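I opened the model today to look up how its parts meet one another. My notes are kept in the order in which I looked.

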Amino acid sequence: MVKAIRVPEHGGPEVLKWEDVEVPDPKEGEIRLKQKAIGLNFLDVYMRQGLHNTSPPLPYTPGMEGAGVVTAVGPGVTSCKVGDVVAYASLQVGGYAQERILAADQAVPVPSSVDPVEAAALIFKGLTAHVLIHKGFKVERGHTILVHAAAGGVGYLVCQWASAIGATVIGTVSTKEKAEQAKEDGCEHVILYKDEDFVERVMEITSNKGVDAVYDSVGKDTFEGSLACLKFGGSMVHFGLASGEPEPIRVFQIALKSLNYTFSSIAHYTDVDRDAMRVAAEELFENVAKGVLRVRVNHKYPLSLASQAHAAIETRKTTGSVVLIPDDE
Ligand SMILES: NC(=O)c1ccc[n+]([C@@H]2O[C@H](COP(=O)([O-])OP(=O)(O)OC[C@H]3O[C@@H](n4cnc5c(N)ncnc54)[C@H](OP(=O)(O)O)[C@@H]3O)[C@@H](O)[C@H]2O)c1
């Protein structure tokens, strides 16, 4: 038996329960992992509320990101061995546990230069950032981009990375504290959207040209404004619905400025191409070593207090990454 956080019913953070669970031996193609840290994602909150279209059947153990030590391998596993430190990002839940079973091809090696806690804080959000700036819209030197929730878990990595590539990054945030962090993470301009109209400010900053791309994880509250911020031929890279689902897009909204629209997903790597995921993960860790990505483990909670971590992220109190540390670590 090990301890895990379980979701027996949908609802607020209080539904999360600290329970004993069995961890079986790994089957063919699987590994068993003793976890060092688990990354928390806004998606975990959506799922707990029952709002996400991929919310797992109840009851379930949440969590899609973590790092730990391999303690057993199932038949046929050659990609890792007992004692290896690995990280994983997976849309299949099961992360909020002291130990877990995982498909071996979802694990990527963590280089000894990277702290496993940082790896757990980085892997899901970093692979998402990788998809966003390589596939959603390929950021290049000289581009100007707008990033909503610029101090959030995915947002701060997009800002750091795009700024290192040579883009001018404009970030939106809700508070002055978040604005300070966004500046440190490469935002040349930070918009406090509660105090100023972000569309007006973007047009002022870009001399009415608009931006090459918007990275929008907020959805309902920002969607129309994001389209208005784009230049002719610009790209709307939508990737989250933190404020809910926007109204359906009308064709003329796209046609008016010959825009590109995509909803980009980490599933490119986690579900579709795990070889590409390993390569992207190597790139992430190399960028940590080079200082391009500076992992912000801003909030640590014992795994047993996951409900407190959920409450903090849900009420937008968090910046950077939130991690859960198993209580026996
Ligand atoms: N497509 C994918 O593959 C993929 C992968 C990972 C994450 N995501 C999505 O990316 C987004 C960011 O995820 P994350 O884990 O990094 O979370 P996060 O950015 O750390 O937290 C969400 C942030 O969104 C902003 N926000 C604006 N309106 C909000 C509202 N009504 N409710 C809550 N937050 C609101 C808040 O920042 P301010 O206070 O500055 O407004 C908040 O801190 C989420 O929507 C998530 O679902 C998508």
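**Ground rules.** I am working with a predicted model, in which local features need pLDDT of at least 70 and side-chain atom pairs count only at pLDDT 80 or more, while totals for chains, interfaces and linings use all residues. Residues are numbered from 1 along each chain as its sequence is written.

**Domains.** I looked up the division of the chain and found domain 1 (2-124 + 274-325) and domain 2 (141-263), with bounds that come from an automatic or database domain assignment. Their C-alpha centres lie 28 Å apart. To the contact between them, domain 1 gives ten residues and domain 2 gives twelve, where contact means that the C-beta atoms of two residues, placed from the backbone, lie within 7 Å. On the side of domain 1 that touches domain 2, I noted three nonpolar, four polar and three charged residues. In this classing, Ala, Val, Leu, Ile, Met, Phe, Trp, Tyr, Cys and Pro count as nonpolar, Asp, Glu, Lys and Arg as charged, and the others, Gly among them, as polar.

**Ligand shell.** Which residues come nearest to the ligand? Of the 28 residues around the ligand, these are Gly152, Gly153, Ser174, Ser217 and Gly240; a residue counts as near if its C-beta atom, placed from the backbone, lies within 6 Å. Domain 1 and domain 2 each contribute at least three residues to the shell, and helices H1 (42-49) and H2 (116-136) each supply at least two. Helices (H or I, at least four residues) and strands (E, at least two) are DSSP runs, numbered from the N terminus. By class, I recorded twelve nonpolar, twelve polar and four charged residues in the shell.

**H2 with H3.** I then followed H2 to helix H3 (residues 155-165), where the two pack at an angle of about 50 degrees with their axes 9 Å apart. Axes are lines fitted to C-alpha atoms, for helices over the stretch in contact, and angles run from 0 to 180 degrees between N-to-C directions. H2 and H3 are therefore oblique to each other, since angles under 35 degrees count as roughly parallel, over 145 as roughly antiparallel, 65 to 115 as roughly perpendicular and the rest as oblique. From H2, Lys125, Gly126, Ala129, Leu132 and Ile133 meet Leu157, Val158, Trp161 and Ala162 of H3. The residues of this contact divide into seven nonpolar, one polar and one charged.

**H2 with H9.** H2 also packs with helix H9 (residues 274-290), at about 105 degrees and with the axes 10 Å apart, which makes H2 roughly perpendicular to H9. Here Leu122, Ile123, Gly126, Leu127 and His130 of H2 meet Met277, Ala280, Ala281, Glu283 and Leu284 of H9. I counted this contact by class as seven nonpolar, two polar and one charged.

**H1 with H10.** The axes of H1 and helix H10 (residues 306-314) come within 10 Å and cross at roughly 105 degrees, so these helices are roughly perpendicular to each other. Phe42, Val45 and Arg48 in H1 meet His310, Ile313 and Glu314 in H10, a set of three nonpolar, one polar and two charged residues.

**Backbone.** The peptide bond from leucine 58 to proline 59 is cis, with omega near -15 degrees, and proline 59 sits in the loop between H1 and strand E4 (65-73). Asparagine 208 has a positive phi of about 65 degrees although it is not a glycine, and I found asparagine 208 in the loop between helix H5 (198-205) and strand E11 (211-216).
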